[in-house]
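Subject: Structure handover

Hello,

Here is the structure we spoke about, for you to open alongside this message. My notes follow below it.

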Amino acid sequence: MLHNDIWRGLDLLAEQNGLSVSGLARRAGLDATAFNKSKRTAKDGRPRWPSTESISRALVAVNAEFGDFAAIVTGGRGQTIPLLAYDDACAYGAFDQAGHPAGPDWEDVLFPGADIHKDLYAIEVTGPDMAPIYRAGDRIIVSASAEARTGDRVAVKLQKGKLFAAVLACRSEGRVELQSLAVDGASRTLRAGELAWIARILWVSQ
């Protein structure tokens with residue numbers, strides 16, 4: 001891995017999560033300038049490298065793994081994954097009972113790093129239902145098999161068809177508590193019978 005490749009990987013990691021490099025650094029608990037272009041070369045012209053700790057903290061901050069970062073840095077082409085518009089994803093028959101894509105309306109798009117994760121698909125936001133965090137044109141990359149943990153952003157499909165994004169606050173056998181992505185962070189509790197499935201959001205391309 002070359003110096004420029006590592007920094008390009010951090011640039012792309014931030015971009016794929018809808019962040020600037022300063023925003024990525026802040027989310028990782030680092031100084032906001034830690035990943036800035038001005039920090040990548042010393043005054044005498046020698047290249048400066050990000051520390052393994054700062055890279056690790058950045059990956060944890062966006063729920064990514066080192067394999068994801070390596071795929072970005074090395075320019076791995078990844079694989080194609082299914083893509084569906086949000087309105088179509090809310091329709092009956094777009095998913096099977098386990099939350100995997102189903103039906104004829106899905107199209108394939110290339111996603112770098114898809115060889116790292118399994119059971120990925122993408123939902124393209126088409127309206128205001130996921131605002132203010134996700135806007136029209138954003139593509140949410142979801143894993144149907146990755147374990148959703150407390151604090152993870154998740155896609156939630158209701159039995160009645162509606163699909164929305166939230167933060168998983170608590171989950172038990174009979175109920176699920178979700179926290180809104182909006183500024184107020186309002187919570188919502190759903191009974192297990194109201195849910196079709198919950199899947200972890202891994203990335204967002206904005």
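A residue is called buried here when its relative accessible area is under 20%. Please keep in mind that this is a predicted model.

Helix H1

By that cut-off, the buried residues of H1 are His3, Ile6, Trp7, Gly9, Leu10, Leu13, Ala14 and Gln16. The helix covers residues 3-16, which is 14 residues. From its first C-alpha to its last it reaches 20 Å, close to the 20 Å expected at 1.5 Å a residue. The buried residues of H1 are covered by elements that include helix H2 (21-27), helix H3 (52-61), helix H4 (66-73) and strand S9 (195-205). After H1 comes Gly18, with a positive phi near 70 degrees.

In soluble globular proteins, nonpolar side chains tend to be buried together. In this model the largest nonpolar core has 28 residues, and those touching the most other members are Leu10, Leu13, Leu24, Phe35, Phe69 and Trp203. Two or more residues of this core come from each of H1, H2, H3, H4, strand S1 (79-85), S3 and S9. H1 gives the largest share, 5 residues.

Leaving aside residues up to four places away in sequence, Leu24 touches Leu10, Leu13, Ala14, Leu19, Phe35, Ala58 and Val62. Another core, of 23 residues, lies apart from the largest one; Ala89, Trp106, Met130 and Leu181 are among its members.

Where is Arg200 found? Arg200 is in strand S9, and it counts as buried because its relative accessibility is 9%, where the cut-off is under 20%. The side chain of Arg200 reaches the backbone oxygen of Asn63 at 3.1 Å. Asn63 is also one of the residues that Arg200 touches, not counting those up to four places away in sequence; others include Ile141, Val142, Glu147, Arg149, Asp152 and Val154.

The second case is Asp138, in the loop between strand S3 (120-124) and strand S4 (139-143).

Regards

Key. Residues are numbered from 1 along each chain as its sequence is written. This is a predicted model: local features need pLDDT of at least 70, side-chain atom pairs count only at pLDDT 80 or more; totals for chains, interfaces and linings use all residues. Side-chain values use heavy atoms; hydrogens and water are left out. Helices (H or I, at least four residues) and strands (E, at least two) are DSSP runs, numbered from the N terminus. The expected span of a helix is 1.5 Å times one less than its number of residues. Buried means under 20% relative accessible area, exposed over 50%, partly exposed in between (1.4 Å probe, protein chains only). Contact means heavy atoms within 4.5 Å. A nonpolar core is a set of buried Ala, Val, Leu, Ile, Met, Phe, Trp, Tyr and Cys residues joined through side-chain atoms within 4.5 Å. A polar contact is a pair of N or O atoms within 3.5 Å; within protein, one must be able to donate a hydrogen and the other to accept it, and residues adjacent in sequence count only if both atoms are side-chain atoms.
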